[in-house]
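Hi,

Here is the structure for you to look through. My notes on it follow below.

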Amino acid sequence: GKTTMVCTAPRHRLGRMLISEAFLLLVTTEDGKWLASSPAVPIALAGGLLAELAANGRAAVDGRGRLAPPADPSPLGDPILDQALETFRQNVGKKPKDVLGTVAKGLGDELYERLATAGIVEIHRGRFLRPNRFPVRNPDARERVRDDVAAVLGGTAAPDLRTGTLLGLAQAAGAVPAIF
């Protein structure tokens, strides 16, 4: 058998989905599998955190393409973002791509836990050699994210930071054809 966990708790403190949560939802099928190659997804999730931190002045890259000290190193009050912030801060001077793997460890599961707490996905725990699955419980949330990105792709909306980043992550993960 399988174990199913469903929670309907209020949204986490930021009140709005992180870019990485939106990306994870975008690449998750209705029945809880990924539309992109499995090694690419965690790295893209970590890239989404880096983009979100940069947008909030908490991460920076210097002229040589290496992590620079952020303009504002203070925490944002979101445990996942703050953990990533600390990892990027500890690796100032390195190329972001060399740090994303560290940030990515366990990130997908953490983000799925938050999406489950928000009532957006369910968690079906795999047993033995079966992987966990995360079926979408609230397809409206997934469709809103998909529609925003589709509007940018179709030229009916200009990309903002969020949709532009989501589209870039989807392209980097090779998931655009599968999503659309």
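**What I found**

Start at Phe88. Setting aside neighbours within four places in sequence, Phe88 is in contact with Ala46, Leu50, Leu53, Leu67, Val99, Leu100 and Val103. Contact means heavy atoms within 4.5 Å.

This is a predicted model: local features need pLDDT of at least 70, side-chain atom pairs count only at pLDDT 80 or more, and totals for chains, interfaces and linings use all residues. Residues are numbered from 1 along each chain as its sequence is written, and side-chain values use heavy atoms, with hydrogens and water left out.

Next, the core. The largest nonpolar core has 51 residues, and Phe23, Leu49 and Phe88 touch the most other members. Such a core is a set of buried Ala, Val, Leu, Ile, Met, Phe, Trp, Tyr and Cys residues joined through side-chain atoms within 4.5 Å. Buried means under 20% relative accessible area (1.4 Å probe, protein chains only). Helix H2 gives the most to this core, with eight residues. Helices are DSSP runs (H or I, at least four residues), numbered from the N terminus.

Now H2 (residues 40-55) and H5 (residues 107-117). They pack at an angle of about 70 degrees, with axes 9 Å apart. That makes H2 roughly perpendicular to H5 (65 to 115 degrees counts as such). Axes are lines fitted to C-alpha atoms over the stretch in contact, and angles run from 0 to 180 degrees between N-to-C directions. Leu45, Ala46 and Leu49 in H2 meet Leu107, Gly108 and Leu111 in H5.

Last, H1. Eight of its eight residues are buried, so H1 is largely enclosed by the rest of the structure. Its cover includes H2, H5, H6, H7 and H8.

Best wishes

How values were computed. Helices (H or I, at least four residues) and strands (E, at least two) are DSSP runs, numbered from the N terminus. Angles under 35 degrees count as roughly parallel, over 145 as roughly antiparallel, 65 to 115 as roughly perpendicular and the rest as oblique. Buried means under 20% relative accessible area, exposed over 50%, partly exposed in between (1.4 Å probe, protein chains only).
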